[in-house]
Amino acid sequence: MNFEFSEEQVMLRKMVRSFVDKEIIPNMKEWDEQGGFDPIIWKRLSELDLMGVCIPEEYGGSGMDYNSLAIVCEEMERGDTTFRTAVSVHIGLNSLTLLQWGNEEQKQKYLVPQAKGEKIGAFGLTEPGAGSDVAALQTTAVKDGDDYILNGSKTWISLCDVADHFIVFAYTDKSKKHQGISAFIVERTMPGFSSKAIKGKMGIRSGNTGELFFDQVRVPKENLLGLEGEGFKIAMAALDNGRFTVAAGAVGLIMASLEESVKYCHERQTFGKDIGRHQLVQQMIANMEAGLQMSSLLVYRAGELKNKGVRNTRETSLAKWQACDFANKAADDAVQIHGAYGFSSEYPVERFLRNSKAPVIYEGTREIHTIMQAEYVLGYRVDKTLNKMLPAWPYEKETVESR
C-alpha cells in the first residue's frame, strides 16, 4: 500500500485549487442566485487540460490516472457541486464510457474532441418513470434500414442544454427486458432532438439540469455503442465511473464544510471564548474530520482498483454511499456551527447543505447502495468481469513508449 500522492498529483491539486479559489469561489454566491455560471469556465477547464484528465493522450486527454480524476472532482466540488457535476457527467459518465465501450471510429469522432474540450458530453438514462428501476424506461429505438428511430424522453439530465453529444439508452427489444436495452450516441444537431431546463431546484442551482426529448430522431447504426442488447451492461459500467466521481466530489464538499467551520470557530465567540472551545462544537468538527479521512480512503481504494483494471462496482458503491452521507452530515453540521448565520446566504454553508442532498439521491440512492452492500456480504450479488473493461493505468501505449 502506498498512501503518498505522486508529484504530478500534488501539482494537479495545487493547480485546480488555485483555479477554484480565484475563478469559482468569488463568483459562486452570484452564480447560485442567478441560476447559471459564466460559460468562460468551460474554456478555462479546457485550457487547463481538465476536460480529459484521465483520458489517454492518444485520444486527446492528459493521460493521468483515475485517482487524478478524483482529485479534480474533490477540488471542483470544494468550489461548488455544479462544477464537479459537469466533470462527472462529461468525463465519468460519457467520455470514460466511450473509452470503455466505443469502437475506434467512435473514439476518434466523439471522444477526442471531448477530451480536448472542444465538445461537451452528457448522459441520458433517467426517465420520468425510470430512475432506480432502469428496466422501466420507455424510450425506444426501432431499426429502420441503416438507422435507428428514437422516440421518448429523459429527465434530470445534467448539461441538457449545453452538451453536444449524449449517450442515450433505449429499448430495441422490450420483450427481452434488461437484455433488450441498447446504447446510442446522439448529437444535439440531429433533427427531432430538443432539451428543456428544469427550474426551481433546491440545490446545484447554477448547474444546467433538465429534460431531453426524442421525436423521430434518426440515429445512424454507426452510433450504436457496443452491441444491441448491451445497453444495461454499459449503463451499469458507466454508473461505476459516475459514482466514483460523485464520491470524490463528496470528499470535496466535506473539505469545504470543514474549512468554513474551522474559520468560523475562530471568528465567533460565545460566553467569552471562541465557539471552537465548546465541546459539542468540537464534536461536530471531529466528525467532519473522521468523515473526510474515511471517505478519502474509500475513494482512493476504488481509484486504485480502476488503475489496476479491476472491476470495482462493490468498492465504488460503498464509497459513493458513505462519502455522500458524510458530506450531507458535514454540511448540516456546518450550518449548525454557524447558527443563525448558517441559515442565510451571507455564508456559503447554506449552499453546501442544499447541494449535499442531490448526491444522496442520484446515481443510486443511499437505499439502493445499502441493499447492494448487504447483498455482497450475504453472497447474493457477485460481479463478473465485463467483456470490455476500462484500460488499466499506465495506459498501454504510454507504457510501451516509456520502455
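1. Helices here are DSSP runs of H or I with at least four residues, strands are E runs of at least two, and both are numbered from the N terminus. This is a predicted model, where local features need pLDDT of at least 70 and side-chain atom pairs count only at pLDDT 80 or more, while totals for chains, interfaces and linings use all residues. Residues are numbered from 1 along each chain as its sequence is written, and side-chain values use heavy atoms, with hydrogens and water left out.

2. The axes of α5 and α7 (residues 231-267) cross at roughly 145 degrees and come within 9 Å (axes are lines fitted to C-alpha atoms, for helices over the stretch in contact; angles run from 0 to 180 degrees between N-to-C directions). On the α5 side the contact (heavy atoms within 4.5 Å) includes Arg84, Leu93, Leu96 and Trp101, and on the α7 side Lys233, Ile234, Leu239 and Val246 are among the residues involved. The contact residues divide into 8 nonpolar, 8 polar and 2 charged; Ala, Val, Leu, Ile, Met, Phe, Trp, Tyr, Cys and Pro count as nonpolar, Asp, Glu, Lys and Arg as charged, and the others, Gly among them, as polar.

3. Now Ser95, which also sits in α5. Ser95 counts as buried, because its relative accessibility is 0% (buried is under 20% relative accessible area, exposed over 50%, partly exposed in between, with a 1.4 Å probe and protein chains only). Its side chain has a 3.0 Å polar contact with that of Gln114 (a pair of N or O atoms within 3.5 Å; within protein, one must be able to donate a hydrogen and the other to accept it, and residues adjacent in sequence count only if both atoms are side-chain atoms).

4. Gln114 is also one of the buried residues of α6 (residues 104-115), along with Tyr110, Leu111 and Val112, among others. The cover over the buried residues of α6 includes α5 (81-101), β1 (121-124) and β4 (165-171). At the N-terminal end, Asn103 caps α6, with a side-chain oxygen 3.2 Å from the backbone nitrogen of Glu105. Just after α6, Gly117 has a positive phi of about 85 degrees.

5. The largest nonpolar core has 115 residues, and Leu96 and Phe184 are among those with the most contacts inside it (a core is a set of buried Ala, Val, Leu, Ile, Met, Phe, Trp, Tyr and Cys residues joined through side-chain atoms within 4.5 Å). Its largest share, 18 residues, comes from α7. Beyond four places in sequence, the residues touched by Phe184 include Tyr148, Leu150, Phe166 and Leu225.

6. Gln9 lies in helix α1 (residues 7-24) and is buried at 10% relative accessible area. The side chains of Gln9 and Asp65 make a polar contact of 3.2 Å.

7. Some backbone spots to look at: Trp156, in strand β3 (residues 147-158), has a positive phi near 55 degrees without being a glycine; Trp156 is exposed, at 52% relative accessible area. Ile204, in the loop between β6 (193-197) and β7 (209-220), also isn't a glycine and has a positive phi of about 50 degrees, but Ile204 is buried at 9%. Finally, Trp393 and Pro394 are joined by a cis peptide bond, with omega about 5 degrees.
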